[in-house]
Amino acid sequence: MDRDEKKQVGVSLFGQSEFLISDDPIEEMFALNLGEFIAESLISEDLAKKISVSANKKERLQNQLVELIDIYSSKNTLCVLDFSSGEEVAIYTSIAKSIVQMLEVEECRIYLLKDDKLSLIGNSCQDIPELNFSIEDLIYDDAIEQGEYIYIPMKSSTMPVGLIEVKNQAKLEENYLELVISIANLLGTTITLQNSIEYTHNLISNSETSELELKQERAELTALIGDLCDYQQCFVEALANAVDKKGQYTVSHSRNTAKLARNICKTLGLNEKTTDLIYYAGLLQNIGKITLPEKIFATNGKLSAEELQKVKNHTNVGVNLLMNINFLSEVVPYITYQTERVDGSGAPEGLKGQSIPFGSRIIAVADAYSAMTSDRPYRKAMSVDDAINIIKSEVDQKWDKDVVNALIQIVK
């Protein structure tokens, strides 16, 4: 397969570079790992040159570490939920308030471990209850219940980093607890990574740093980045499960939509990277519902004007949330335009036909079919045949014909 063919099937630019070396398996493995870890838009021939044999080993290691710490600096990784640039307390307070809004709990606080003591760094309210925790508690437990409070340790591997405290008079639902645990793991790993990046800066700037020390630091950084990517995926899946819980789906609607969208992509022959982005978009296409009160979805009666407006606006809220989860920002266009219709009658822009991103057209069909064939509190699921007949009747009005044909191949 030549270079142009590789580009068309979605092979990483790292795998296409003529500058990569093949006589050093550790270097080759690092290059492959880095290609997996960073966004395709950040991979360049310039970066490939920096890890080529043209530089001596120590210089090459320094260049690799410089690229890593730039790509995974706080501005690129410390962006979860309502994260924004600003002081540390403001950032963590924003996260605590987001958790309160999403989970409909009373209070949330975030503590960081500093000098073997837990220090309050983010608070959704003014009250500060007394904490009675040992470092050992943070290492060995995923969640600790004490009266009205649930404590979720933040850690990287087995090393404690901090604590998320949630107050809720009723026991936190399993899906919501899973989401808080995923946030704790993501934050714990991110904070550890940032500390490692600061240490790496010092190593690079010290002329007496040995080649062995640079190799060891590279190994630790790449391991942390691998953990970060795993926790990012866990966070996405936990967020999707929490959205389904809010939406009162009896099955995992978001997961079913995402899997169906991925199968449609494969049937249509889309490349792997595009398929992955559409899969994530399918998981998160209803993310805005996480900020809506659960009672809105439980009622069989008519919604108030205010409630109806909140439901209509949930897509915009979801897009705003995703823009603040920076590692998911690439899926935003697919979600933004999933309510467009091929005849131009949709929202938000009234886009028509091919002007609608293909990923949006795929998610729209997958979401409609998944919703029709799922039980809801106010109705039973449709049969496969009934759902397909309805969707077929709306081809070239709501749905893309090629996407619908691919759906039929999969479900019939």
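## A bridge in the sheet

In strand S5, Leu 163 is the bridge partner of Pro 153. The model you are looking at is a predicted one, so please read the values below as computed from that prediction. The bridge belongs to the pairing of strand S4, residues 149-156, with strand S5, residues 159-167, which run antiparallel and share eight bridges.

Helix H9, spanning residues 174-205, packs on this sheet. The helix touches S4 and S5 as well as strand S1 (107-114), and its direction makes about 35° with that of S4.

## The sheet as a whole

Five of them form an open sheet in the order S2-S1-S5-S4-S3, with antiparallel pairing. Which strands stand at the edges? They are S2 (117-123) and S3 (144-146); each has a single partner strand, so one side of each is left without a neighbour in the sheet. On average, neighbouring strands here are turned by 25° against each other, direction ignored.

As a reminder, strands of a sheet pair through backbone hydrogen bonds, either parallel or antiparallel.

## The hairpin of S1 and S2

At the S2 end of the order, S1 and S2 pair in the antiparallel sense over six bridges. One of the bridge pairs is made by Lys 114 and Lys 117, the latter in S2. Two residues lie between the strands of this hairpin, and Asp 115 takes a positive phi near 55° there.

Asp 116 is also worth a look: this residue lies in the loop between S1 and S2, and its phi is positive too, about 65°, although it is not a glycine. Is Asp 116 buried or exposed? Its relative accessible area is 60%, so Asp 116 counts as exposed, the cut-off being over 50%.

## Backbone details further along

Most residues other than glycine have a negative phi, and most peptide bonds are trans. Asp 396 has a positive phi near 70° without being a glycine. Its place is in the loop between helix H18 (384-393) and helix H19 (401-411), and with 53% relative accessibility Asp 396 counts as exposed.

The other place is a cis peptide bond between Ala 347 and Pro 348, with omega at about 10°. Pro 348 sits in the loop that runs between helix H16 (332-336) and helix H17 (358-372).

## A buried serine

Ser 254 is part of helix H11, which covers residues 253-268. Its relative accessible area is 1%, and Ser 254 is therefore buried, the cut-off being under 20%.

Which residues does Ser 254 touch, not counting those up to four places away in sequence? The contacts are Ala 240, Val 243, Asp 244, Gly 282 and Leu 283. Tyr 280 stands 26 residues from Ser 254 in sequence, with 9.7 Å between their C-alpha atoms.

## Cavities

The lining of the largest cavity includes Tyr 337, Gln 338, Glu 340 and Val 342, along with Ile 356, Ser 360, Arg 361 and Ala 364. Lys 398, Trp 399 and Asp 400 also belong to this lining. By type, the lining residues divide into five nonpolar, two polar and four charged.

Terms used: Residues numbered from 1 in each chain as written. Predicted model: local features only at pLDDT ≥ 70, side-chain atom pairs only at ≥ 80, totals over all residues. Heavy atoms only, no water. Pairing = 2+ DSSP bridges. Helix = DSSP H or I, 4+ residues; strand = E, 2+ residues; numbered from the N terminus. Axes fitted to C-alpha atoms, helices over the stretch in contact; angles between N-to-C directions. Contact = heavy atoms within 4.5 Å. Buried < 20%, exposed > 50% of the residue type's maximum accessible area, 1.4 Å probe, protein only. 1 Å grid on protein atoms, 1.4 Å probe; cavity = no way out; pocket = protein on both sides within 12 Å on 5 of 7 lines; lining within 4 Å. Nonpolar A, V, L, I, M, F, W, Y, C, P; charged D, E, K, R; others polar.
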